[in-house]
Amino acid sequence: MSAMKYLSAYPPALVEQVRRLMAEGRLASALQGRYGAAHAVRTDGALYDYVGELKARYLRKAEPLSKVCYDNTLHVVRHALGTHTTVSRVQGSKLKSKREIRIAGLFRAVPEPFLRMIAVHELAHLKARDHDKAFYQLCTHMEPDYHQFEFDLRVYLCHLEAGGEALWPLSGSSAPEAED
């Protein structure tokens, strides 16, 4: 089952539990029961404020962020749920750099712990570029349940990849797709 590719680094027994829940049709209700409703951070402005609060709390001395937004062009198939980039420009005799965080549009309609997990992940890249021990220690410092939320998000991605419907759809929302 290619839908299980998001869990390839996990122990086979754990993957089998997820596969069994999926086959029995109980995976979606298990995720909804655990996480409830989607968050209310729908616009780019609200996302900038949300990530800014996390940064102010845990990474006060890190370089400022010039942009934080949802990006509907980031696709799970490219294994990009979020990106952290530094854009450098020459202005006169100085080199100016701007830091941007883009979060996949998928996160516009998920429970808040999933959004927090990806925001923490991208913020951690301000201090640690590689996915090494120090990087994950920083992630768990900012969000103690980081690894559980990441696993559950991967389970949700397996659900979607297998053809399951979005569990927290945007329907009924009047939020715009993007805001400058």
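The entries below go from the whole chain to single residues.

**Entry 1: the overall layout**

I started by noting that this is a predicted model. I then listed the elements of the protein chain and found 6 helices and 3 strands. Reading from the N terminus, I wrote down the order α-α-α-β-β-β-α-α-α.

Next I looked up burial, and buried residues make up 43% of the 180 residues in the chain. The accessible surface of the chain comes to about 10,000 Å². Carbon and sulfur atoms account for 51% of that surface.

I also checked how far apart in sequence the touching residues are. Among contacts with a separation of 6 or more, 67% are between residues 24 or more positions apart.

**Entry 2: the nonpolar core**

Which residues of the largest nonpolar core touch the most other members? I found Val 51, Ile 103, Phe 107, Leu 115 and Leu 123, out of 51 residues in that core.

Setting aside neighbours within four places in sequence, I found Leu 123 in contact with Val 51, Leu 54, Lys 55, Leu 59, Leu 65, Ile 101 and Met 142.

Is strand β1 largely enclosed or open? I counted 5 buried residues among the 7 of β1 (residues 65–71), so the strand is largely enclosed by the rest of the structure.

I then looked for the strand beside it. 6 bridges join β1 to β3 (residues 94–104), and the two run parallel. In this pairing I noted Lys 67 standing opposite Glu 100 of β3. Glu 100 came up again when I looked at charged residues, in a network of salt bridges with Asp 71 and Arg 102.

**Entry 3: Glu 63, in a loop**

I moved to Glu 63, which sits in the loop between α3 and β1. Glu 63 has a relative accessibility of 37%, so I put it down as partly exposed.

What does Glu 63 touch, beyond residues up to four places away in sequence? I found Lys 55, Ser 97, Arg 99 and Leu 126. Two of these partners got their own notes. Ser 97 is 34 residues from Glu 63 in sequence, and their C-alpha atoms are 9.7 Å apart. With Arg 99, Glu 63 makes a side-chain polar contact of 3.0 Å.

**Entry 4: salt bridges**

I counted 10 salt bridges, and looked up a few of them one at a time.

One of them joins Arg 19 and Glu 16, at 3.5 Å from N to O. Both residues lie in helix α1, 3 residues apart, or about one turn of the helix. Arg 19 is partly exposed because its relative accessibility is 29%, and Glu 16 is partly exposed at 34%.

Another joins Asp 152 and Arg 34, at 3.1 Å from N to O. This pair links distant parts of the chain, with Asp 152 in helix α6 and Arg 34 in helix α2, 118 residues apart. Are the two ends buried or exposed? Asp 152 is at 4% relative accessibility and so counts as buried, whereas Arg 34 is at 51% and counts as exposed.

Back in helix α6, I found Glu 150 and Arg 154, 4 residues apart and so about one turn of the helix. Their salt bridge has its closest N and O atoms 3.5 Å apart. Glu 150 is buried, with a relative accessible area of 13%, while Arg 154 is partly exposed at 28%.

**Entry 5: His 159**

My last stop was His 159, which also has its place in helix α6. At 11% relative accessibility, His 159 counts as buried, because the cut-off for buried is under 20%. Which residues does His 159 contact, leaving aside neighbours within four places in sequence? I wrote down Met 22, Leu 27, Ala 28, Gly 164, Glu 165 and Leu 167.

Notes
Residues numbered from 1 in each chain as written. Predicted model: local features only at pLDDT ≥ 70, side-chain atom pairs only at ≥ 80, totals over all residues. Heavy atoms only, no water. Buried < 20%, exposed > 50% of the residue type's maximum accessible area, 1.4 Å probe, protein only. Pairing = 2+ DSSP bridges. Contact = heavy atoms within 4.5 Å. Areas by Shrake-Rupley, 256 points an atom, 1.4 Å probe, with all protein chains shown as cover. Core = buried A, V, L, I, M, F, W, Y, C linked by side-chain atoms within 4.5 Å. Polar contact = N/O pair within 3.5 Å; in protein donor to acceptor, adjacent residues only side chain to side chain. Salt bridge = Lys/Arg side-chain N within 4 Å of Asp/Glu carboxyl O.
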